[in-house]
Amino acid sequence: MIIITNMTTTTSTIAPYDRVTELKAFDQAKTGVQGLVDAGIQHVPRIFINQPETIPKAPTSIELPLIDLGSTDRASTVEKIREASKNLGLFQVVNHGIPLSVMDETLKGVRRFHEQDVETKKRFYTRDASNTVGHFFSVMAPLPPKAEELPEVCRDIQIAYSNHVLKLGGLLFRLISKALGLEPNHLGDMDCDKGLTFVGHCYPACPQPDLTMGATKHTDDGFLTVLLQDDIGRLQILHQNQWVGVPPTPGALVINIGDLLQMISNDKLKSVEHRVLANEKGPRVSVGCFFTTALVASTKVYGPIKELVSDENPPRYRETTVHDYAQYSVSKGLDGVSRLLHLKI
């Protein structure tokens, strides 16, 4: 997953225009949305104006699971993860082993990157999905880049935070394995925890937040996502056809199930649809760490886990490699239609 802008481009509802030309001009500038903000725009460019949302707004919030990974009652922890992953596709964790100081400095590092001068950032601007470092995007495992290839203003904290998340991921995959009724190392033995991509988001204050989105409705195409968000929030998940806010909880990380984990669990787990609202306040800073090996050359094939299928519950998906599914995901874009339909039997 490569993040190069912080507004989502969708089909506009305004008068027809040469959208492709305007998109190319924006892309060739290599300054991203932050460059537009720095230039003092007062109106959202038409290439970023969204279609009106037809899903009703949620009248109330729901209580999102907050799971204590430090609890000595492992059976209870596993059950809470199973219920949350099945019904919501998302939960929050505390006592996860990552110091608050590391989390805070990671957010500051991402902000420092985005607040650099344009010429410095242009070195990292790319739409090439084969690159392992982007704007601001880095593959941190299984083959991390050299330290000097990472942005100088945040490389140390990026490496430290990624190492913490890799360790946390190992624990989460063991707990999810048990939640599925499998041996604790099952998902780890499938290499679900081996690849990690670090994406640093910075959503500037938006002059017209009702016209656009930080990110439109989508699911994540990997196995699992670990999200660190600042106190502005604005993340929402789609639950029972209503958008529900995921307010920041101090010290907590948001964990959401990705497409590949839903697929190999044969729908026992749910890949959650989510979006990010634009906001007049900003910048909103967050870090998404995606467990995926999408950019690793591998012929390893994934399909529904044989222990989770039977004559009564046959496989619901075709097999695929992580790379092929990620390539399909990139080519499809964020059009609001589930990418897993591509694999449905």
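Predicted model: local features only at pLDDT ≥ 70, side-chain atom pairs only at ≥ 80, totals over all residues.
## How H4 passes H6

Helices here are DSSP runs of H or I, at least four residues, numbered from the N terminus. H4 covers residues 100-114 and H6 covers residues 155-179. Their axes, lines fitted to C-alpha atoms over the stretch in contact, come within 9 Å and cross at roughly 135°. Angles run from 0 to 180 degrees between N-to-C directions.

Contact means heavy atoms within 4.5 Å. On H4, Val102, Glu105, Thr106 and Gly109 make the contact; on H6, Ile157, Tyr161 and His164 do. These residues divide into 3 nonpolar, 3 polar and 1 charged. Asp, Glu, Lys and Arg count as charged; Ala, Val, Leu, Ile, Met, Phe, Trp, Tyr, Cys and Pro as nonpolar; the others, Gly among them, as polar.

## How H3 meets H6

H3 spans residues 74-87. The axes of H3 and H6 come within 9 Å and cross at roughly 80°. That makes H3 roughly perpendicular to H6 (65 to 115 degrees).

From H3, Arg74, Thr77, Val78, Ile81 and Arg82 meet Leu171, Leu175, Ile176, Lys178 and Ala179 in H6. This contact has 6 nonpolar, 1 polar and 3 charged residues.

## What follows H6

After H6 comes Gly181, with a positive phi near 80°.

## Basis

Residues are numbered from 1 along each chain as its sequence is written. Local features need pLDDT of at least 70, side-chain atom pairs count only at pLDDT 80 or more, totals for chains, interfaces and linings use all residues, and side-chain values use heavy atoms, leaving out hydrogens and water.

Terms used
Helix = DSSP H or I, 4+ residues; strand = E, 2+ residues; numbered from the N terminus. Parallel < 35°, antiparallel > 145°, perpendicular 65-115°, else oblique.
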